[in-house]
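Hello,

I am handing over the structure we spoke about. The notes below it say what was found.

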Amino acid sequence: MSQPLRAIARVEQLSKHYGSEQARVTALDAVTLSFAAGQFTAVMGPSGSGKSTLMHIAAGLDSASSGRAWIGSTEITGLGDDELTVLRRREVGFVFQSFNLVPTLDVRGNILLPFDLDGRTPTAAETAWIDELIARLGLRDRTAHRPHELSGGQKQRVAIARALATRPTLVFADEPTGALDSATSRDVLRLLQDASRDFGQSIAMVTHDPVAAAHADRVLFLADGRLVRDSGPASAAELSGIVLGLEDAS
Ligand SMILES: Nc1ncnc2c1ncn2[C@@H]1O[C@H](COP(=O)(O)OP(=O)(O)OP(=O)(O)O)[C@@H](O)[C@H]1O
């Protein structure tokens, strides 16, 4: 019998509300789920279903209205800012929809930022890995450019390289292929697959794209702030059918 997979991140009865009484929006409604260690998990669902909110709270970047969240065995709900920052810096990579690049740093400087923030320089092996990331993401001739000199897709690739640079245990990626053409998307998805298959990293990826989600080992579906389906690997056509059904129902 196979062993149950260990959870690398977990939320329990997680709710998030925005606004006050009359204008109250429930972004997450008592969601309980876990991301398994070493797995590539995609999160899909209609626009406004709570995907980004879930990722932000699970990564310790936003607070919950109620419920609990863990990274590994550490409960992050209620953790102080300093402890949370150290945990995130050591264990978590995040690709934001807005890329969040530092405008004054060039591409290499942005990719090296997690090391700088942790007060250390990369080892020789880490430098080799960063060079490989730069090559695989097609950024070799852009390393000395600053973000304002890059296209949207190039900025997104820098954000992905930065998130993977320290080989964090857990990577949260919010629409990591949203600004990319289909060939570059495929390269990024392969990189994420390799991160989980070859290096045991856990990937949680929000996407609207069934072709992207078809690269995952597992696909979670949110609708109206609730987890409504938990699927194993599936084809783009199957995932597309599920998403259309959820959109029709909402
Ligand atoms: N800061 C905020 N203030 C008020 N409402 C918010 C805020 N952030 C998100 N929401 C609301 O919470 C709900 C969930 O938003 P969220 O961004 O998590 O959805 P999503 O599934 O990621 O959407 P999309 O696919 O369009 O990116 C939406 O109704 C949104 O309008």
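Notes on the model

Helix α3 is followed by Gly 119, which has a positive phi near 70°. Helices (H or I, at least four residues) and strands (E, at least two) are DSSP runs, numbered from the N terminus. Residue numbers start from 1 along each chain as its sequence is written. The model is predicted: local features need pLDDT of at least 70, side-chain atom pairs count only at pLDDT 80 or more, and totals for chains, interfaces and linings use all residues.

Within α3, the residues Val 107, Asn 110, Ile 111, Leu 112 and Pro 114 are buried. A residue is buried if 20 or more other C-beta atoms lie within 10 Å of its own, exposed if 12 or fewer, and partly exposed in between, with C-beta atoms placed from the backbone. The cover over these buried residues includes α2 (81-91), α4 (124-136) and α5.

Asn 100, at about 50°, sits in the loop between β6 (92-95) and α3 (107-117). Asn 100 counts as partly exposed because it has 14 C-beta neighbours inside 10 Å. Arg 167 also has a phi of about 50°, and its loop runs between α5 (152-164) and β7 (170-174). Arg 167 has 14 C-beta neighbours inside 10 Å, so it too counts as partly exposed.

Next, the sheet. It is open and has 4 strands in the order β2-β1-β4-β5, with antiparallel pairing; two strands pair if DSSP finds at least two bridges between them. β2 and β5 (74-75) are the edge strands, each pairing on one side only. Between β1 (residues 7-18) and β4 (residues 66-71) there are 5 bridges in the antiparallel sense. Glu 12 has Arg 68 in β4 as its bridge partner. Helix α1 packs on the sheet and touches β1, β2 and β4, its direction making about 120° with that of β1. Contact here means C-beta atoms, placed from the backbone, within 7 Å; axes are lines fitted to C-alpha atoms, for helices over the stretch in contact, and angles run from 0 to 180 degrees between N-to-C directions.

Last, the ligand. The residues around it include Tyr 18, Val 25, Gly 48, Lys 51 and Thr 53, where near means a C-beta atom, placed from the backbone, within 6 Å. β2 (25-36) and α1 (51-58) are the elements that give two or more residues to this shell, and α1 gives the most, with 3 residues. The shell divides into 3 nonpolar, 8 polar and 1 charged. Ala, Val, Leu, Ile, Met, Phe, Trp, Tyr, Cys and Pro count as nonpolar, Asp, Glu, Lys and Arg as charged, and the others, Gly among them, as polar.

Regards

How values were computed. Two residues are in contact if their C-beta atoms, placed from the backbone, lie within 7 Å.
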